[in-house]
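Here is a brief report on aromatic ring contacts. The sequence and the model come first.

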Amino acid sequence: MAAVMNEKKNVSTARADFAAGVIKAAWRLFVENGYIGTSMDDVAAAVGVSKPTVYEAYKNKQTLFEAVIEDITHGFD
């Protein structure tokens, strides 16, 4: 049972790390190209994965953009 829990923890950590990498790449692209000038293909290429893989983490560009804004403003009051 402990092995299953550790495996789930590792998967969760890997997903969180992946999501953080997507946010970091998207933030850079949004700054460089603007919202309209950035595509999910661009984000996927910057992270080195396929576009469907990015869509597994973020359902669309708007959701990803909102995650970027939340990440940037996290901790602001």
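## Aromatic pairs

By the rule used here, the model holds three aromatic pairs. Rings of Phe, Tyr and Trp (its six-membered ring) pair if their centres lie within 6.5 Å; planes under 30 degrees apart are stacked, over 60 edge-to-face, and the rest tilted. The model is predicted: local features need pLDDT of at least 70, side-chain atom pairs count only at pLDDT 80 or more, and totals for chains, interfaces and linings use all residues. Residues are numbered from 1 along each chain as its sequence is written, and side-chain values use heavy atoms, without hydrogens and water.

Two of the pairs are listed here.

| Pair | Centre to centre | Angle between planes | Class |
|---|---|---|---|
| F30 and F65 | 5.1 Å | 85° | edge-to-face |
| Y35 and F65 | 5.1 Å | 75° | edge-to-face |

Helices are DSSP runs (H or I, at least four residues), numbered from the N terminus. Y35 and F65 also link distant parts, 30 residues apart. Y35 lies in the loop between α1 and α2 (40-47).

Together, ring pairs join F30, Y35 and F65 into a cluster.

Buried means under 20%, exposed over 50%, and partly exposed in between (1.4 Å probe, protein chains only). F65 is partly exposed at 26%. Y35 is partly exposed at 29%.

K61 lies over the face of Y35, 4.2 Å from the ring centre. The criterion: NZ of Lys or CZ of Arg within 6 Å of the ring centre and within 35 degrees of the ring normal.

Terms used: Helices (H or I, at least four residues) and strands (E, at least two) are DSSP runs, numbered from the N terminus.
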